[in-house]
Amino acid sequence: MGFKVAEFEIEELNGVDKKEQARQEDVLNEFNDKHLQENIREILERGSKNYYRYVINEVLTKPIYVGEITFSGNSKGEFEIGIGIEKEFQHQGYGYRLLTILIDHMCKVKPVKAFTYRVMSNNEASKCLAEKLGGQLIKNVEPPKPIGFTFLIYKIQPFTVDYTFLTKYISTFKNIDFGEWLNVGKGFFSDVIYGKPVVKFIDDIQLFVDINKHLDLKNYLEILRNNNVKDIFAEIGSMNEQCLYASLVYCMRQERFCEGLLLSALKKGHITKILERLEFIHKN
């Protein structure tokens, strides 16, 4: 069974694969206590009955294997996340995009109460990923023998990519530094450098577009044109939901042709007004 989101084909496979079984066995062999080994093995076997494995390929010209993401659940509705991304796709935002897509998917098809994500204390990229997903550090775990680092366990609350995925930024955008222009008046091309909350907001708009295909937001210009929207900032108060989403995409995509458009819209409060209008529509 599989599905497609944006440029990714995602296949769901049942059961733990042989590589993962071998890895688990290697970890178990690190324990000297045979009774403890058997107890953990029994827990793993129970967990394999509630184990979901997703194989991801990027499909542009031809399928290219990106990696795998797994969710191992327990009787409490908690799922531990496992992720493996191929080296050529690392440090490019693939982990965040794919985990957001699959967390959204899991929350829609399973009764999820929480996710946990275990990372090595010396893995800065994984720690940043956990925090970007809203993870809260809940535990430090010492390995069976000293190996120079500990394991950190983050708890991630379930979420779906609905309107609140974007309106949560209403509070984020109060009293923050959105970004700044660099090299202004110095004889160089000027550039806008956005702050971390804005960079994450841009990522989340793209994810919202990818997952909510029914809104057809890739055709944002056509949506605005068909609804006779002439000035997106002047007409916020009368826009329908789809036009509001299209306006956010407009500010993000048109940045390529008019650098600083998004920064200006943020500083003047237009983006916050769009988000507040979305929230108003859903609450009323």
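Modeller: Happy to! Helix α3 (residues 94-109) packs against α7 at an angle of about 50°, and their axes are 11 Å apart. Keep in mind that this is a predicted model.

Colleague: Which residues of α3 and α7 make the contact?

Modeller: From α3 you have Tyr-96, Arg-97, Thr-100, Ile-101, Asp-104 and Lys-108. The α7 side brings Lys-200, Asp-203, Asp-204, Leu-207, Asp-210 and Ile-211.

Colleague: And how many residues of that contact of α3 with α7 are nonpolar, polar or charged?

Modeller: Seven are charged, four are nonpolar and one is polar.

Colleague: Okay, another pair. At what angle do the axes of α9 and α11 cross?

Modeller: Helix α9 (residues 241-253) and helix α11 (residues 270-283) cross at roughly 155°, and their axes come within 10 Å. An angle over 145 degrees counts as roughly antiparallel, so that is what α9 is relative to α11. As for handedness, α9 and α11 cross in a left-handed way.

Colleague: Which residues of α9 meet which in α11?

Modeller: On α9, look for Glu-241, Leu-244, Tyr-245, Ser-247, Leu-248 and Cys-251. They meet Ile-271, Ile-274, Leu-275, Arg-277, Leu-278, Ile-281 and His-282 in α11. The residues of this contact of α9 with α11 are nine nonpolar, two polar and two charged.

Colleague: Nice. Let's switch to aromatics. How many aromatic pairs does a search of the whole structure find?

Modeller: The search finds 13 aromatic pairs. One of them is Tyr-54 with Phe-71, an edge-to-face pair with 6.1 Å from centre to centre and 75° between the planes.

Colleague: Where in the chain do Tyr-54 and Phe-71 sit?

Modeller: Tyr-54 is in strand β3 (residues 51-59) and Phe-71 is in strand β4 (residues 63-73). The two are 17 residues apart, and the pair links distant parts of the chain.

Colleague: Are Tyr-54 and Phe-71 buried or exposed?

Modeller: Both Tyr-54 and Phe-71 are buried. Another edge-to-face pair is Tyr-169 with Phe-201: the ring centres are 4.9 Å apart and the planes meet at 65°. Tyr-169 belongs to helix α6 (residues 169-172) and Phe-201 to helix α7 (residues 196-211), so this pair ties together parts that are 32 residues apart in sequence. Tyr-169 and Phe-201 are buried too.

Colleague: Now the loops. Where is Lys-174?

Modeller: Lys-174 is in the loop between α6 and β9 (179-182). Its relative accessibility is 57%, so Lys-174 counts as exposed. The C-alpha atom of Lys-174 is 9.7 Å from that of Gly-269, although the two are 95 residues apart along the chain.

Colleague: And Ser-75, buried or exposed?

Modeller: Ser-75 counts as exposed because its relative accessibility is 80%. You'll find Ser-75 in the loop between β4 and β5 (78-85). Its C-alpha atom and that of Asn-50, 25 residues away along the chain, are separated by 8.8 Å.

Colleague: Which residues other than glycine have a positive phi?

Modeller: Ala-6 is one of them, with phi near 55°, and Asn-228 also has phi near 55°. Most residues other than glycine have a negative phi.

Colleague: Where do Ala-6 and Asn-228 lie?

Modeller: Ala-6 is in the loop between β1 (2-5) and β2 (8-14), while Asn-228 is in the loop between α8 (220-226) and α9. At 14% relative accessibility, Ala-6 counts as buried. Asn-228 has 54%, so Asn-228 counts as exposed.

Colleague: Last one: how many helices and strands does the protein chain come to?

Modeller: Eleven helices and ten strands. Of the 284 residues of the chain, 44% count as buried. Among contacts with a separation of 6 or more, 61% are between residues 24 or more positions apart.

Definitions and conventions:
Residues are numbered from 1 along each chain as its sequence is written. This is a predicted model: local features need pLDDT of at least 70, side-chain atom pairs count only at pLDDT 80 or more; totals for chains, interfaces and linings use all residues. Side-chain values use heavy atoms; hydrogens and water are left out. Axes are lines fitted to C-alpha atoms, for helices over the stretch in contact, and angles run from 0 to 180 degrees between N-to-C directions. Helices (H or I, at least four residues) and strands (E, at least two) are DSSP runs, numbered from the N terminus. Angles under 35 degrees count as roughly parallel, over 145 as roughly antiparallel, 65 to 115 as roughly perpendicular and the rest as oblique. A crossing is left-handed if the near helix is turned anticlockwise from the far one by less than a right angle, and right-handed if clockwise. Contact means heavy atoms within 4.5 Å. Ala, Val, Leu, Ile, Met, Phe, Trp, Tyr, Cys and Pro count as nonpolar, Asp, Glu, Lys and Arg as charged, and the others, Gly among them, as polar. Rings of Phe, Tyr and Trp (its six-membered ring) pair if their centres lie within 6.5 Å; planes under 30 degrees apart count as stacked, over 60 as edge-to-face and the rest as tilted. Buried means under 20% relative accessible area, exposed over 50%, partly exposed in between (1.4 Å probe, protein chains only).
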